[in-house]
Amino acid sequence: MTCTYSTMTAATKPKKFLNDPSQAVDEFIAGQLLQFPNHLRKLSNHHVLLHSSFVTTAAHPNKQTVSLLSGGGSGHEPSHAGYIGSNLLSGAILGGIFASPPVSSILAAIRAVTLPSSQGGKGCLLIVKNYTGDRLNFGMACEMANAEGRAVKMVVVADDCAIERKKGITGARGVAGTVLVHKVVGGAAGRGMRLEEVAEVGEVVARSVSSLGVALDTVTIPGAERVNNRLAGEGMMEVGLGIHGEAGMKQCPLMSCDDIAKEMLTTIQKYGKEVDGEIKPLYGSGDELLVLVNNLGGTSNFEMSLLARSLVTQLESDGCKATRVLVGSYMTSFDMQGASVSILPLKGEVTSKEIVSLIDADTDAPAWAKVDVWCDVSQRPSKSEVPEVVVESSACNDSGSASLPPVLVEHFSTVATTIISQCCTALIEAEPTLTKYDTIVGDGDCGITMARGAKEISQRLESKTLRIDHPSLLFSDLADAVSASMGGTSGILLELMFRKASTTLLQTAGEGISAKELAMAFRAGAEAVSFYGGAQEGSRTMLDALFPASAALVGDGSVVDIKCAAEAARKGAEATAAMDHAEAGRSNYLSKEVLMGTPDPGAVAVAVVLEAVSKVIA
């Protein structure tokens with residue numbers, strides 16, 4: 001692909017959650033202290049956060065373990081304060097936005113966590129990303145602390161593969177692989193290793209990990225006057241840009257997720273690793289890998305999981321085994337819509353130094369989630385699916401008809417057949433009217449949807465696939481027919497109604513299912529429509545016909561009155577024409593002027609069905 005860069009054009013002022021940009025770092029620190037009142041402490045007079053153990057324990061922690069400090073410019077959160085915790089950092093020094101912290105703050109942090117050797121101090125290790133300002137400022141503070149009798153060493157991380165090896169003396173940038181160095185030296189210090197040993201394992205990981213970032217849109221820092229629109233070109237992305245928005249290797253047309261992953265891995269492999277003066281691929285078939293997929297700040301969690309899948313799938317198709325896959329925000333760049341991948345082969349020095357166990361060590365640092373490790377088995381356990389429990393449509397009758405409540409309604413199957421036939425005919429004939437109403441107060445498909453469901457039920461009745469000998473089974477089959485044919489909101493609501501009626505009848509106690517139990521099942525179905533759909537009577541929906549009908553149907557409990565139920569349904573449906581607002585469905589979007597005078601088509605459909613029922617039973 002050719003290297004291209006889009007020109008800057010006029011852009012709008014960025015939108016940020018921000019007060020005074022000059023106070024942003026102070027306010028960020030204040031926010032951290034509110035979130036972690038027991039975990040963190042601020043060092044007076046400096047933008048430094050420390051673990052609370054440096055003020056809450058009787059004995060200075062540095063008498064027991066090596067202290068660890070990292071830091072840099074603000075804007076990469078959760079790096080670095082998010083990694084303060086047991087078996088991780090002792091503290092973090094925060095610079096200004098994308099600016100190295102001053103020597104004075106770094107030295108103050110070292111003094112706070114590191115006792116002089118003469119007082120039993122175990123020393124301090126500084127973990128620094130390879131940027132000139134950071135190297136110089138941390139390096140100066142390191143030497144000044146050593147001059148005070150405090151044992152301090154520094155590890156520099158340069159894991160970015162986007163910078164050519166021979167491109168000046170600056171070298172590769174330190175990016176998200178730094179977090180893995182944090183984790184390993186933290187585990188080493190937690191085990192009581194000496195400063196030299198802690199520094200050594202840090203150096204091993206620093207020279208073993210490689211990273212590369214990509215972005216669909218670059219970063220705009222808080223306080224900027226204009227949005228950074230370097231990637232404003234339509235369909236453009238950038239490969240290899242830095243965590244401060246520095247230009248990368250190239251801009252190119254947006255690729256698919258799989259192709260982006262391929263580009264990232266190819267670049268990392270081409271960059272390789274220097275071994276005895278030779279450049280060799282970072283990893284090969286059979287290697288066990290740790291893969292850290294890092295959100296650069298503005299990428300959705302959904303997309304991050306897609307990218308992780310693409311990366312790991314390609315690595316494993318090359319014969320590697322990604323036993324540790326970490327996905328999330330580890331080292332960001334404010335709102336950059338991008339991601340990076342860091343790959344650490346778990347072989348050679350990494351395994352001989354038992355570094356893997358240091359990565360897996362527990363910590364209470366808030367930004368580090370415990371790694372879910374794929375152990376020594378041939379297949380990743382999560383690849384094995386939980387088998388679906390398949391239930392046949394006739395499952396409710398699996399134990400035999402004796403388990404069903406007896407039907408006390410005379411000639412139920414004959415009457416039910418006639419009712420279903422008449423209701424389907426009535427709904428099909430009402431389609432033009434329902435469509436007319438829904439064209440005014442909805443999206444115009446109510447009549448067609450109802451007719452489609454009626455035709456499906458009618459076809460199943462004719463083919464004798466409806467179990468009409470028992471009402472519970474019949475309602476279950478009606479639900480299946482509706483599910484297979486109607487779709488939309490009205491379809492799922494009617495399916496819910498039928499299924500609730502079916503299960504209600506299954507639970508019938510006493511002698512069996514009479515007309516009263518059928519009426520109660522109807523009522524339960526209407527209530528299910530309300531519960532799951534969220535609407536009530538008066539919401540200008542089918543419930544304005546269902547609820548009055550169910551109340552009239554049940555009556556005082558002594559007589560089931562179908563005729564009264566049909567009349568109540570029609571009255572309720574007609575009443576919706578006078579409702580000047582709707583609380584559910586697409587009618588909710590419409591004005592009073594549009595709604596007034598037209599009844600809700602769902603309520604009208606209910607009235608049509610109940611009137612057809614009443615003609616059969618009357």
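Visitor: At what angle do helix H11 and helix H12 pack, and how far apart are their axes?

Guide: In this predicted model, helix H11 (residues 412–429) and helix H12 (residues 431–441) pack at an angle of about 50 degrees, and their axes are 4 Å apart.

Visitor: Which residues make the contact, and how are they classed?

Guide: H11 contributes Leu427, Ile428 and Glu429, while H12 contributes Glu431, Pro432 and Leu434. By class, the contact of H11 with H12 has four nonpolar, no polar and two charged residues.

Visitor: What makes the pair of phenylalanine 98 and phenylalanine 334 a tilted one?

Guide: A pair of aromatic rings is described by the distance of the centres and the angle of the planes. Ring centres must lie within 6.5 Å, and those of phenylalanine 98 and phenylalanine 334 are 5.4 Å apart. Planes under 30 degrees apart count as stacked and over 60 as edge-to-face; the angle here is 50 degrees, so the pair is tilted.

Visitor: Where in the chain do these two phenylalanines lie?

Guide: Phenylalanine 98 is in the loop between S4 and H3, and phenylalanine 334 is in the loop between strand S13 (321–328) and strand S14 (337–345). The pair links distant parts of the chain, 236 residues apart. Phenylalanine 98 also has a positive phi of about 55 degrees, although it is not a glycine.

Visitor: Why is phenylalanine 334 called partly exposed?

Guide: Buried means under 20% relative accessible area and exposed means over 50%. Phenylalanine 334 has 24%, which lies in between, so the term is partly exposed.

Visitor: Why is the pair of phenylalanine 531 and tyrosine 532 called edge-to-face?

Guide: The planes of phenylalanine 531 and tyrosine 532 are 85 degrees apart, and over 60 counts as edge-to-face. Their centres are 5.0 Å apart.

Visitor: Are phenylalanine 531 and tyrosine 532 buried or exposed?

Guide: Phenylalanine 531 has a relative accessible area of 64% and tyrosine 532 has 56%. The cut-off for exposed is over 50%, so phenylalanine 531 is exposed, and tyrosine 532 is exposed as well.

Visitor: How do you know whether arginine 540 is buried or exposed?

Guide: Its relative accessible area is 1%, and buried means under 20%; arginine 540 is therefore buried. This arginine is in the loop between helix H16 (515–533) and helix H17 (543–554). Arginine 540 has a positive phi of about 70 degrees although it is not a glycine.

Visitor: Which residues have the most contacts inside the largest nonpolar core?

Guide: They are Leu68, Leu125, Leu344 and Trp368, in a core of 58 residues. Among the elements that each supply at least two residues of this core are helix H1 (24–35), strand S5 (124–129) and helix H6 (195–208). Apart from this core lies another, of 53 residues, including Phe412 and Leu546.

Visitor: Which residues does leucine 344 touch?

Guide: Not counting residues up to four places away in sequence, leucine 344 touches Leu180, Val205, Ser208, Val209, Glu288, Leu289, Leu290, Val350 and Ile359.

Note on methods:
Residues are numbered from 1 along each chain as its sequence is written. This is a predicted model: local features need pLDDT of at least 70, side-chain atom pairs count only at pLDDT 80 or more; totals for chains, interfaces and linings use all residues. Side-chain values use heavy atoms; hydrogens and water are left out. A nonpolar core is a set of buried Ala, Val, Leu, Ile, Met, Phe, Trp, Tyr and Cys residues joined through side-chain atoms within 4.5 Å. Buried means under 20% relative accessible area, exposed over 50%, partly exposed in between (1.4 Å probe, protein chains only). Contact means heavy atoms within 4.5 Å. Axes are lines fitted to C-alpha atoms, for helices over the stretch in contact, and angles run from 0 to 180 degrees between N-to-C directions. Ala, Val, Leu, Ile, Met, Phe, Trp, Tyr, Cys and Pro count as nonpolar, Asp, Glu, Lys and Arg as charged, and the others, Gly among them, as polar. Rings of Phe, Tyr and Trp (its six-membered ring) pair if their centres lie within 6.5 Å; planes under 30 degrees apart count as stacked, over 60 as edge-to-face and the rest as tilted.
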